[in-house]
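Let us walk through this structure together, one region at a time. Keep the sequence and the picture side by side as you read.

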Amino acid sequence: MSRLSTCLPETSKIPVVGAAPQGANNPHAAASAVREMFTSIAPRYDLLNHVLSFNVDRIWWRRTARTFCHILARPDARILDLCCGTGDMTFALRAEAGKASPRILGADFSHAMLQRAAAKSVAIRSGAKKIASAPDWIEADALDLPFPSAHFDLVTSAFGFRNLADYDAGLREIARVLPPGGECGILDFGEPKGAMGSLYRVYFKQILPRVGTMISGVRGPYAYLPASVERFPEPAEMLRRMKDAGFREASWTPYTFGIAGLYRGKK
Ligand SMILES: C[S@@+](CC[C@H](N)C(=O)[O-])C[C@H]1O[C@@H](n2cnc3c(N)ncnc32)[C@H](O)[C@@H]1O
């Protein structure tokens, strides 16, 4: 038996410590399934996002960007928006930066999602609301970033971190590309509690997957969404993981009854 084939069964036994789309039994398979899934819904992703969140997603991106206005106001700052998808979080950062022109980079491992982000950049560049400098885009895996250590002042991720095949490895990689004092902001879904939580669960687990499947024409991704949120660590555990990865002042701010929330930390 060759070296490669002896390695494969061992790899497949590694427990998944992050996202686990149905049928994926190791981190490599999970990452491939996640990439395929987002690539398959890329054409309808923006429409679905806004319809399914009743446009509240725009408020969440803007609120997250505002949180980091002290970094975005620095013309020399370097900002990475991880798992940027079609770029809405990245554009919110760009808008918050205003006339300051920090270097803002959106990174994602789905080529189809990035193509949409780049097309939106062109439209914004040539549109009425001209911006000082458009973000740049790069195809990259959040678990293996092609940047030197301490390269960015701020790393954000909106609704992407939850999809990583290894949460701790993701946090370590974010910490690696930040210098001491650099900040990270992870915006993601949560599970609201109480009466609001019960109501929301009916919508999120029963209505959203049906509407999502109908509009996207793709079976799977919109059933994966509530499953991935259920699997994602609770805030207390996520904050513990952030501290273990080297972040201090780790905090979580719930948005809209905790339907979403922002994790922050400083390296
Ligand atoms: C739910 S979308 C979020 C997109 C965008 N940030 C937003 O707020 O709409 C998640 C994105 O994470 C990307 N993603 C998931 N795992 C990734 C990884 N390991 N490396 C890079 N991108 C990843 C997917 O391709 C997808 O575009």
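Helix 3 is followed by F54, whose phi is positive, near 55°. Helices here are DSSP runs of H or I with at least four residues, strands are runs of E with at least two, and both are numbered from the N terminus. Before going on, please note that this is a predicted model, in which local features need pLDDT of at least 70, side-chain atom pairs count only at pLDDT 80 or more, and totals for chains, interfaces and linings use all residues. Residues are numbered from 1 along each chain as its sequence is written, and side-chain values use heavy atoms, with hydrogens and water left out.

The residue N55 also has a positive phi, near 70°, although it is not glycine. Most residues other than glycine have a negative phi, and most peptide bonds are trans. You will find N55 in the loop between helix 3 (45-52) and helix 4. With 36% relative accessibility, N55 counts as partly exposed; that term covers the range between buried, under 20% relative accessible area, and exposed, over 50%, using a 1.4 Å probe and protein chains only. Elsewhere, A150 is another residue other than glycine with a positive phi, near 60°. A150 sits in the loop between strand 3 (136-139) and strand 4 (154-158), and its relative accessibility of 39% makes it partly exposed.

Now step back to helix 3 itself. Because 6 of its 8 residues are buried, helix 3 is largely enclosed by the rest of the structure. The buried residues are Y45, D46, L48, N49, H50 and L52. What covers them? The cover includes helix 2 (27-41), helix 4, helix 6, helix 7 (111-126), helix 9 (194-216) and helix 10 (221-231).

Is D57 buried or exposed? D57 is buried, with a relative accessible area of 3%. Leaving aside neighbours within four places in sequence, D57 is in contact (heavy atoms within 4.5 Å) with N49 and H50. Those two partners are among the buried residues of helix 3.

Together with R62, R63 and R66, R58 forms a positive surface patch. A patch is made of residues with over 30% relative accessible area and no salt bridge, with like charges joined within 9 Å and nonpolar side chains (Val, Leu, Ile, Met, Phe, Trp, Tyr) within 5 Å. Lys and Arg count as positive, Asp and Glu as negative, while His and the chain ends are not counted.

Helix 6 (residues 88-97) holds L93. L93 is buried, at 0% relative accessibility. Beyond its neighbours within four places in sequence, L93 is in contact with A65, L72, I79, D81, I104 and T156. As for T156, L93 is 63 residues away from it in sequence, and the two are 9.3 Å apart in space, C-alpha to C-alpha.

Let us finish with the charged pairs. Side chains of opposite charge can pair when their charged atoms come close. The structure holds 16 salt bridges, each a side-chain nitrogen of Lys or Arg within 4 Å of a carboxyl oxygen of Asp or Glu. In one of them, the side chains of D136 and R103 meet at 3.2 Å, N to O. D136 lies in strand 3 and R103 in strand 2 (residues 103-108), so the pair ties together parts that are 33 residues apart in sequence. D136 is partly exposed, at 32% relative accessibility, and R103 is partly exposed as well, at 45%.

Another salt bridge joins R162 and D188 (2.6 Å, N to O). This pair links distant parts of the chain, with R162 in the loop between strand 4 and helix 8 (167-177) and D188 in strand 5 (residues 183-189), 26 residues apart. Both R162 and D188 are buried. By contrast, the salt bridge between R248 and E249 (2.9 Å, N to O) pairs a partly exposed R248, at 42% relative accessible area, with an exposed E249, at 53% relative accessibility. Finally, D168, E237, R240, R241 and D244 are linked in a network of salt bridges.

Notes: Accessible areas come from the Shrake-Rupley method with a 1.4 Å probe; for residues, only the protein chains shown count as cover. The place of a charge is taken as NZ of Lys, CZ of Arg, CG of Asp or CD of Glu.
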